[in-house]
Amino acid sequence: MTSTSEQLILVSLDCPHFAVLSELDYETLIDYCNREDPETWQFLLQAYSEPRSSLENLRKFSPTRFVRDERQCGRAECLVHSQPRVTGLRNLHAGLVEYFNTRKALYLQLAKEYFDLLPFLGARTINGLLSKIAHQHFSIETQHWTLDPFFESWQIAATAMNFRPSTDGDEALGHVRHALKYLVLGVADMKQLMEDIWSLKYLVGRFPEESGLERTDRKQVFANASRAAWEKRMSGFEHFGVNVRSVKRPSPESLEWQDEDEEMSTPWEAHREV
Ligand SMILES: [Zn+2]
């Protein structure tokens, strides 16, 4: 996996493991599967679905395509319904909740950046084609967020994650796979929103004369009104998420693959680095 520009695929397995692959790596895997070379594809699946790198890649690259695979990773712990399987579910659940919360924080940050930029944008920019989704989402859309299609996949994922990973079984695994699918489905919209904000930043920073010259009282009034309308339609969003109180925290031993002093990366690291 060398590029963040190509489409990345999340492959959900029939166990508490998943893999984030580039299209090329996925084609290689499928090729070995089609050649009926179980030794090789089992080795590849196990390597790609290493828990630590899977969650890291989910956070770092945010795949936009979801594929369900009926194969297991091949680890001994996943071949029997025993304690390690429960541990795997707990680890995965904790990672997905963290990913969800990080995305929520990123969304709120994008909103703040948008409304900070808005007073510097001209009406022609707002009504034009540039950053259309951001303007639609933050300034034009009037529906409460619970009715906004933008958040539909978020709500399904949060509901799917609201289970106790302390219990074993196919039901818990089904919840995890459902959550993974809908977490991935919401990524493309978020990436577009992020790109839109960056386009506006670039416009304001590099071409102020095209962005609307300068901030005026009239523009500030419009920006304040837009922000107030957005805040109203987002009421309750701060409490939206997984009911973590019902989730049994993973034991320290089960998180041995997580370094305590590790710097946690955010989704779409480019957002922070550009
Ligand atoms: Zn597994």
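A residue is termed buried if 20 or more other C-beta atoms lie within 10 Å of its own, exposed if 12 or fewer do, and partly exposed in between, with C-beta atoms placed from the backbone. The model is predicted: local features need pLDDT of at least 70, side-chain atom pairs count only at pLDDT 80 or more, and totals for chains, interfaces and linings use all residues. Residue numbers start from 1 along each chain as its sequence is written.

**Overall composition**

- The protein has 13 helices and 3 strands, taken as DSSP runs (helices H or I, at least four residues; strands E, at least two) and numbered from the N terminus.
- Of the 274 residues, 35% are buried.
- Among contacts with a separation of 6 or more, 81% join residues 24 or more positions apart; a contact requires C-beta atoms, placed from the backbone, within 7 Å.

**Helix α8 and its burial**

- Within helix α8 (residues 152-161), the residues W154, A157, A158, A160 and M161 are buried.
- These residues lie on the same side of α8 because they cover an arc of only 160° around the axis, the arc being that of the directions from the helix axis to the C-beta atoms.
- T159 also belongs to helix α8.
- T159 is partly exposed, because 15 other C-beta atoms lie within 10 Å.
- T159 and H175 are 16 residues apart in sequence, and their C-alpha atoms are 8.8 Å apart in space.

**Packing of α8 with α9**

- Helix α9 (residues 170-185) packs with α8 at an angle of about 160°, the axes being 8 Å apart; axes are lines fitted to C-alpha atoms, for helices over the stretch in contact, and angles run from 0 to 180 degrees between N-to-C directions.
- The two helices α8 and α9 are therefore roughly antiparallel, a term for angles over 145 degrees.
- S153, I156, A157, A160 and M161 of α8 meet H175, H178, A179, Y182, L183 and L185 of α9.
- This contact of α8 with α9 comprises 8 nonpolar, 3 polar and no charged residues, where Ala, Val, Leu, Ile, Met, Phe, Trp, Tyr, Cys and Pro count as nonpolar, Asp, Glu, Lys and Arg as charged, and the others, Gly among them, as polar.

**Packing of α1 with α2**

- The axes of helix α1 (residues 23-34) and helix α2 (residues 38-48) come within 8 Å and cross at roughly 150°.
- That angle makes α1 roughly antiparallel to α2.
- L29, Y32 and C33 of α1 meet T40, W41, L44 and L45 of α2.
- The contact of α1 with α2 has 6 nonpolar, 1 polar and no charged residues.

Terms used: Two residues are in contact if their C-beta atoms, placed from the backbone, lie within 7 Å. Angles under 35 degrees count as roughly parallel, over 145 as roughly antiparallel, 65 to 115 as roughly perpendicular and the rest as oblique.
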